[in-house]
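Work through the exercises below with the structure open. Try each task before you read its solution.

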Amino acid sequence: AGPAPGRLRELAALSRRLQRLHPNVLAKVLRQATVYQNEEIVVIDKPYGLPVHGGPGVKNCIADVLPILAKMLENAKAQPLHLCHRLDKETTGVMVLARSKEAAERIRLLFKTRQVEKIYWAISLGDPDPVEGVVEIPIVEKEVRSHQSHYKMTLAPNYRLSPEDGKVVKIRKNRDAESAVTRYRLLARSSACSLLELQPVTGVKHQLRVHLAYGLGCPILGDHKYSHWSKLAPQKLPEITLKRLKLEQSKARHLPLHLHARRLSLPLGERIDLVCKPPLFFQKTLKRLELDVADD
């Protein structure tokens with residue numbers, strides 16, 4: 001492995017390349033990333049930097065190539081595949097696609113009614129105190145008014161500490177906030193970072209990133225959006241972390257988000273357990289930071 005900045009530029013370039021691929025080629029990439037299929041579902045290991053849905057500035061997304069992918073997996077008459085849930089553009093790992101509308105609706109309902117067990121791995125800055133627990137703080141989208149106005153998800157707690165006597169006081173609920181629950185536990189810590197296992201019980205947009213950054217004070221490594229509240233600026237990394245990653249602070253903005261959908265357990269008749277190893281860049285970071293974990 002060459003110097004880290006080179007590796008990071010490669011990742012950024014990879015994300016841009018995925019965006020520019022011909023849809024047929026992108027479908028081929030996803031076919032190679034298929035980790036499981038049966039008559040109802042196709043499961044892929046989602047690559048880094050590939051959006052699930054289209055949007056401004058998005059040339060290629062998973063949703064667009066589902067019809068092509070379906071034909072590659074089956075035969076020319078195959079029905080297009082259907083999305084069942086979403087992952088952020090930067091998130092890697094287990095993603096379930098359904099072969100029929102009916103299956104997709106059934107699986108979406110399983111997600112909605114919280115019957116799907118989801119386990120993520122994240123590398124965070126700092127380590128959570130206590131080392132395991134539950135973050136249960138509602139989340140709301142707010143406009144950040146700074147020199148460049150932008151929107152971010154943030155916490156909307158139901159409680160605060162009273163300034164008079166330090167007692168916990170319930171406060172009026174924010175009507176727009178969605179309840180959000182995340183279980184977490186520490187798997188390893190080293191080099192001022194941690195490897196965390198996360199289990200989102202709810203599925204609010206950016207939930208894991210917000211709960212880690214603002215709830216536990218341990219932003220995800222490479223999460224430049226949620227490392228500061230008031231500004232959009234690259235994440236500031238501790239000396240030891242920079243040293244281990246062979247990185248200068250000025251290059252930290254190239255650091256990718258280290259959040260990986262590690263396991264998904266679907267109750268479809270029998271329980272289907274789907275596991276994806278973290279991508280290569282994630283594994284390399286674990287090695288460099290000496291975050292040793294017993295890989296099951």
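Helices here are DSSP runs of H or I with at least four residues, and they are numbered from the N terminus. The model is predicted.

**Exercise 1. Aromatic pairs**

Task: How many aromatic pairs does a search of the whole structure find? Classify each pair by its geometry.

Solution. 
Step 1. The search finds two aromatic pairs.
Step 2. Take Tyr48 and Phe281. Their centres are 5.2 Å apart, with 75 degrees between the planes. Planes over 60 degrees apart count as edge-to-face. The Tyr48 and Phe281 pair is therefore edge-to-face.
Step 3. Now place these two residues. Tyr48 lies in the loop between β2 (41–46) and α3 (62–73), and Phe281 lies in helix α7 (residues 280–288), so the pair ties together parts that are 233 residues apart in sequence. Both Tyr48 and Phe281 are buried.
Step 4. Turn to Tyr214 and Tyr226. Their ring centres are 6.0 Å apart and their planes stand at 75 degrees, so this pair is edge-to-face.
Step 5. Tyr214 is in helix α5 and Tyr226 in the loop between α5 and α6 (239–244); the pair links distant parts of the chain, 12 residues apart.
Step 6. Check the accessibility. Tyr214, at 23%, counts as partly exposed. Tyr226, at 1%, is buried.

**Exercise 2. Salt bridges**

Task: How many salt bridges does the structure hold? Trace the partners of Arg263, then the partner of Arg189.

Solution. 
Step 1. The structure holds nine salt bridges.
Step 2. Arg263 bridges to Glu117, with the closest N and O atoms 3.2 Å apart. Arg263 is in strand β13 (residues 259–268) and Glu117 in strand β5 (residues 117–125), 146 residues apart.
Step 3. Both ends are partly exposed: Arg263 has a relative accessible area of 27%, and Glu117 is at 30%.
Step 4. Arg263 also forms a salt bridge with Asp273, the closest N and O atoms being 3.5 Å apart. Asp273 lies in strand β14 (residues 270–275) and Arg263 in strand β13, so this pair ties together parts 10 residues apart in sequence. Asp273 counts as partly exposed, at 48%.
Step 5. Arg189 meets Asp127 in a salt bridge, 2.5 Å from N to O. Arg189 is in strand β11 (residues 181–190), and Asp127 is in the loop between β5 and β6 (132–136), 62 residues apart.
Step 6. Arg189 is partly exposed at 48%, and Asp127 is partly exposed at 36%.

**Exercise 3. A network**

Task: Which residues are linked with Arg209 in a network of salt bridges?

Solution. 
Step 1. Start from Arg209 and follow the salt bridges: the network links Asp88, Arg209 and Asp223.

Terms used: Residues numbered from 1 in each chain as written. Predicted model: local features only at pLDDT ≥ 70, side-chain atom pairs only at ≥ 80, totals over all residues. Heavy atoms only, no water. Phe/Tyr/Trp six-rings, centres within 6.5 Å; stacked < 30°, edge-to-face > 60°. Helix = DSSP H or I, 4+ residues; strand = E, 2+ residues; numbered from the N terminus. Buried < 20%, exposed > 50% of the residue type's maximum accessible area, 1.4 Å probe, protein only. Salt bridge = Lys/Arg side-chain N within 4 Å of Asp/Glu carboxyl O.
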